[in-house]
Amino acid sequence: MSLEVIDRHSEALFEFLWCPVCGHQVFSHIPFEGVFCKNCNTQVELQESRETRGYEEAVLACFNTDSTWNLHVDEKLRRDLPDGSARVKVFGAPGSYEVDWWSPAPGEDWEPVERGEFDDVEEPDEVSHLA
């Protein structure tokens with residue numbers, strides 16, 4: 001008996017996504033466990049959206065920080081999600097994805113980390129060994 005693997009979402013979608021906790025764009029898939037940010041271990045779950053507005057793909061990316069490490073150590077390099085989770089709706093097709101909305105909406109209390117926002121910031125030595 002063999003296990004059939006069905007890729008429901010394109011690789012291009014994962015190339016577009018970034019982690020709203022740390023800003024990194026590399027995700028790891030652990031079979032039977034899920035998909036996690038390779039930098040901070042924030043979990044991301046993809047769901048197909050019920051409403052597509054005629055786009056090729058409409059996906060809800062649900063981020064959860066239950067498994068995220070060291071949010072308390074250095075807030076300059078990570079930003080926690082409100083109540084530990086956030087969702088983003090992505091429309092488009094490979095090569096032309098765009099964010100439709102975030103939930104909760106970014107505002108005074110919370111703002112997602114932008115893609116690569118902390119790339120030029122060095123993590124202090126006392127923090128880097130903890131992650």
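Select Asp83 to begin: it is found in the loop between strand E4 (57-64) and strand E5 (85-92). Helices here are DSSP runs of H or I with at least four residues, strands are runs of E with at least two, and both are numbered from the N terminus. Asp83 is not a glycine, yet its phi is positive, about 55°. Asp83 is also exposed, with a relative accessible area of 84% (exposed means over 50%, buried under 20%, partly exposed in between, with a 1.4 Å probe and protein chains only).

A word on what you are looking at: this is a predicted model, where local features need pLDDT of at least 70, side-chain atom pairs count only at pLDDT 80 or more, and totals for chains, interfaces and linings use all residues. Residues are numbered from 1 along each chain as its sequence is written, and side-chain values use heavy atoms, with hydrogens and water left out.

Now jump to Asn41, in the loop between strand E2 (34-37) and strand E3 (43-48). Asn41 has a positive phi too, near 75°, but this residue counts as buried at 18% relative accessibility. Most residues other than glycine have a negative phi, and most peptide bonds are trans. For a peptide bond that is cis, pick Ser103 and Pro104, where omega is about 0°. Pro104 lies in the loop between strand E6 (98-103) and helix H2 (125-128).

Next, colour the strands. Six of them form an open, antiparallel sheet in the order E1-E2-E3-E4-E5-E6 (two strands pair if DSSP finds at least two bridges between them). At the edges are strand E1 (27-30) and E6, each pairing on one side only. Zoom in on E5 and E6: five bridges join these antiparallel strands, and Lys89 stands opposite Trp101 in E6. Their hairpin has five residues between the strands, and Gly95 in the turn has a positive phi of about 90°. Over at E2 and E3, two bridges do the joining, and Val35 faces Val44 in E3.

Show side chains for Phe27, Val44, Leu46, Ala61, Phe63 and Val90. Of the 24 residues in the largest nonpolar core, these touch the most other members. Such a core is a set of buried Ala, Val, Leu, Ile, Met, Phe, Trp, Tyr and Cys residues joined through side-chain atoms within 4.5 Å. Helix H1 (11-16), E2, E3, E4 and E5 each supply at least two of its residues.

Aromatics next: the structure holds six aromatic pairs (ring centres within 6.5 Å, using the six-membered ring of Trp alongside Phe and Tyr; planes under 30 degrees apart are stacked, over 60 edge-to-face, the rest tilted). Phe16 and Trp18 have ring centres 5.9 Å apart and planes at 75°, so they are edge-to-face. Trp18 is buried, at 9%. Trp18 also makes an edge-to-face pair with Trp102, with centres 6.2 Å apart and planes at 70°. Trp18 lies in the loop between H1 and E1 and Trp102 in strand E6, so this pair ties together parts 84 residues apart in sequence.

Last stop: colour by pLDDT, the predictor's confidence in each residue from 0 to 100. The chain averages 81, and 81% of the residues score at least 70. Among the elements, E6 has the highest mean (93) and H2 the lowest (54). Where pLDDT is low, the predicted coordinates should not be read in detail.
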